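Please view the sequence and the structure below before reading on.

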Amino acid sequence: MQPRPPAPGGGPGAEHAGTPPDDHAVGLAHFNSLPFAAAEAAFLECCGSLRWAHRMAAHRPYPDLGALLAASDEAGYDLAPGDIAEALAAEPATCLHHDAPRAAHLALRAAHAAYESRFGHAFVICLDSHAPSQHVDQVLAGIRVRLAHEVDEERAVTAEELRRLARSRIVELVTAAPGR
């Protein structure tokens, strides 16, 4: 999965040090006022399940960031296997800079291939708590650990990672108020 830049000030869901609550309020008010189709498209960028995005857009307006994130979690827990498969299919693969050593490209490609062969879907991981310089190492370590999971255990871990990614992306969405 291609990591998106972390939300300013920290991880998802908490009031971020350095990000005044008004930033969320302004962004959330703008987001709540979007036409349905635009809100749904924005939510699809957070989680690739059309059912999830439709549900999230339909339940607007959200009174605050906490309510929005709680709704995201609830909608995420309600995803059927087909919805999760749709969301996984929309996740981009982790990429390396073209200047990275050839061995790093090969290792990452091989790890992703092994994971996809074992579980039948793309590997996803939320990397919010890691510096960008650590992302590739975290992806490789995550794949190595998760390849040992049973299918049902990995299904649960994957669903949780999708929820974490959606939360992170929602924080980015409402923090990025228009005009900044």
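## Terms and overall fold

Helices are DSSP runs of H or I with at least four residues, numbered from the N terminus. The model described here is predicted. Its protein chain comes to eight helices and zero strands, and the order along the sequence reads α-α-α-α-α-α-α-α. Of the 180 residues in the protein chain, 41% are buried.

## The nonpolar core

In soluble globular proteins, nonpolar side chains tend to be buried together. The largest nonpolar core in this model contains 30 residues. Those with the most contacts inside this core are Phe43, Trp52, Met56, Tyr62, Leu65, Leu68 and Ile170.

Several helices contribute to this core: α1 (21-33), α2 (36-46), α3 (50-58), α4 (65-77), α5 and α8 each supply at least two residues. The largest share, seven residues, comes from α8.

## The largest pocket

Rolling a probe the size of a water molecule over the atoms shows where empty space is left. The largest pocket has a volume of about 220 Å³. Its lining consists of 13 residues, and Pro81, Ile84, Leu88, His121 and Arg155 lie nearest the centre of the pocket.

Two helices, α5 (81-90) and α8 (151-175), each provide at least two residues of this lining. The largest share of the lining is again taken from α8, with five residues. Sorted by class, the lining holds nine nonpolar, two polar and two charged residues.

Thr158 is located in helix α8. This residue is classed as buried because its relative accessible area is 2%, with buried meaning under 20%. The side chain of Thr158 is joined to the side chain of Arg146 by a polar contact of 3.4 Å.

Thr175 also has its place in helix α8. With a relative accessible area of 5%, Thr175 is therefore buried. Its side chain reaches the backbone oxygen of Val171 at 2.6 Å.

## Cysteines without a disulfide

How many disulfides does the model contain? The count comes to zero. A disulfide requires a pair of cysteine sulfur atoms within 2.5 Å. The closest cysteine sulfur to that of Cys46 belongs to Cys47 and is 8.4 Å away, so the two are too far apart for a bond. Cys47 is likewise in no disulfide, as its nearest cysteine sulfur, that of Cys46, is 8.4 Å away.

Are these cysteines buried or exposed? Cys46 is buried, since its relative accessible area is 3%. Cys47 is buried as well, with a relative accessible area of 4%.

## An exposed glycine in a loop

Gly120 has its place in the loop between α6 (102-119) and α7 (135-146). Why does Gly120 count as exposed? Its relative accessibility is 66%, and exposed means over 50%.

The C-alpha atoms of Gly120 and Val151 are separated by 10.0 Å, while the two residues are 31 residues apart along the chain.

Conventions:
Residues numbered from 1 in each chain as written. Predicted model: local features only at pLDDT ≥ 70, side-chain atom pairs only at ≥ 80, totals over all residues. Heavy atoms only, no water. 1 Å grid on protein atoms, 1.4 Å probe; cavity = no way out; pocket = protein on both sides within 12 Å on 5 of 7 lines; lining within 4 Å. Points joined across faces, edges and corners; volume = space filled by probe spheres on them. Nonpolar A, V, L, I, M, F, W, Y, C, P; charged D, E, K, R; others polar. Buried < 20%, exposed > 50% of the residue type's maximum accessible area, 1.4 Å probe, protein only. Polar contact = N/O pair within 3.5 Å; in protein donor to acceptor, adjacent residues only side chain to side chain. Core = buried A, V, L, I, M, F, W, Y, C linked by side-chain atoms within 4.5 Å.
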